[in-house]
Amino acid sequence: MAMSADEIVSLIKESIPDAKVEIQALKDDGDHFSALVISEKFKNINKVQQHQMVYKALQGKMGEQLHALALKTSSDPQTKLT
Amino acid sequence: MSEKNIQDYIKQEISDSEVLLFMKGTPVFPQCGFSSTVVQILTQVGVKYKSIDVLSDNEIRQGIKEFSDWPTIPQLYIKGEFVGGCDIITEMYQSGELNTFLESKGIELQKPSI
């Protein structure tokens, strides 16, 4: 059972409303993505906590339906995905 | 092992090792690309570390995810602190932050002999 890019983006935005999300499929199996998530909410929390926020937004799908999500997080709107 | 023992075992391993990597497979035979990436980074940085193969015991594989509230493997611990998975360790390595962090914790780095 895989996920679509849109599903991932909408789940993230549901619990991090101000998030700007850039996503790329690394393979076309719906299982391998890379994503950049930018949000003000990431200010003053460390990288582990930022990633945990995104994993929580994905409601337990990370590591289950979603095998690989190369994740980059930032509170700086200028940050680029690659 | 019971649930409680697994968490105690994990806590003990983490406090006993300066640098500890929970991974899939072993440093010589990593069984997943993400684990292999972190192994290569630790080798490049020249830090001695202990590894635990979560594939050898499914209770550890699930237990470590609960322990750190982190859904994936690999997981790197430095001086008892969860530092990150493949993404964060790669980012830290590329920015030089990983070296600085290790040195700030008083951990010796051996430059790889070229």
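Predicted model: local features only at pLDDT ≥ 70, side-chain atom pairs only at ≥ 80, totals over all residues.
In chain A, three strands form an open sheet in the order β1-β2-β3, and the pairing is mixed. The edge positions are held by β1 and β3 of chain A; each has a single partner strand, so one side of each is left without a neighbour in the sheet. From one strand to the next, the twist averages 15°. Strands β1(A) and β2(A), the latter spanning residues 32–38, run antiparallel and are joined by six bridges. Within this pair, A:Ala25 is placed opposite A:Phe33 of β2(A).

Two helices of chain A lie on these strands. Helix α1(A) lies across β1 and β2 of chain A and runs at about 155° to β1(A). Helix α2(A) lies across β2 and β3 of chain A, at about 125° to β3(A). The loop between α1 (5–15) and β1 (20–25) of chain A contains A:Ala19. With a relative accessibility of 6%, A:Ala19 counts as buried, the limit for this class being under 20%. Leaving aside residues up to four places away in sequence, A:Ala19 touches A:Ile12, A:Lys13, A:Val37, A:Ile38 and A:Ser39. The C-alpha atoms of A:Ala19 and A:Met53 are 11 Å apart in space, while the two residues are 34 residues apart in sequence. In the loop between α2 and β3 of chain A lies A:Gln59, which has a positive phi of about 50° although it is not a glycine.

Chain B contains an open sheet of four strands in the order β2-β1-β3-β4, with mixed pairing. Here β2 (50–53) and β4 of chain B stand at the edges; each has a single partner strand, so one side of each lacks a neighbour in the sheet. Neighbouring strands of this sheet are turned by 25° against each other on average, direction ignored. Strand β1(B), residues 19–23, runs parallel to β2(B), and four bridges join the two. B:Phe22 stands opposite B:Ile52, a residue of β2(B). Helix α2(B) packs on the sheet, where it touches β1 and β3 of chain B, and its direction makes about 160° with that of β1(B). Helix α3(B) lies across β1, β2, β3 and β4 of chain B and runs at about 60° to β3(B).

B:Lys79 is partly exposed, its relative accessible area being 42%.

Helix α4(B) packs against helices of both chains. Its buried residues are B:Cys86, B:Asp87, B:Ile88, B:Ile89, B:Thr90 and B:Met92, in a helix that spans residues 86–95. The elements covering these buried residues include α2 (47–57) and β3 (68–74) of chain A, together with α2 (33–45), β3 (75–78), β4 (81–84) and α5 (97–104) of chain B. Just after α4(B), B:Gly96 adopts a positive phi of about 90°.

Within chain B, the axes of α2(B) and α4(B) come within 10 Å and cross at roughly 30°; the two helices are therefore roughly parallel to each other, as angles under 35 degrees are so classed. The crossing of α2(B) past α4(B) is left-handed. On the side of α2(B), the contact is made by B:Phe34, B:Thr37, B:Val38, B:Ile41, B:Gln44 and B:Val45, and on the side of α4(B) by B:Cys86, B:Ile89, B:Thr90 and B:Tyr93. Seven of the contact residues of α2(B) and α4(B) are nonpolar, three are polar and none is charged.

Between the chains, α2(A) and α4(B) pack at an angle of about 145°, with their axes 10 Å apart. The crossing of α2(A) and α4(B) is right-handed. The contact involves A:Lys47, A:Val48, A:His51 and A:Tyr55 of α2(A), and B:Asp87, B:Ile88 and B:Glu91 of α4(B). By class, this contact of α2(A) with α4(B) has three nonpolar, one polar and three charged residues.

Conventions: Residues numbered from 1 in each chain as written. Chains lettered and ligands numbered in written order. Heavy atoms only, no water. Buried < 20%, exposed > 50% of the residue type's maximum accessible area, 1.4 Å probe, protein only. Contact = heavy atoms within 4.5 Å. Axes fitted to C-alpha atoms, helices over the stretch in contact; angles between N-to-C directions. Parallel < 35°, antiparallel > 145°, perpendicular 65-115°, else oblique. Left-handed = near helix turned anticlockwise from the far one by under 90°. Nonpolar A, V, L, I, M, F, W, Y, C, P; charged D, E, K, R; others polar. Pairing = 2+ DSSP bridges.
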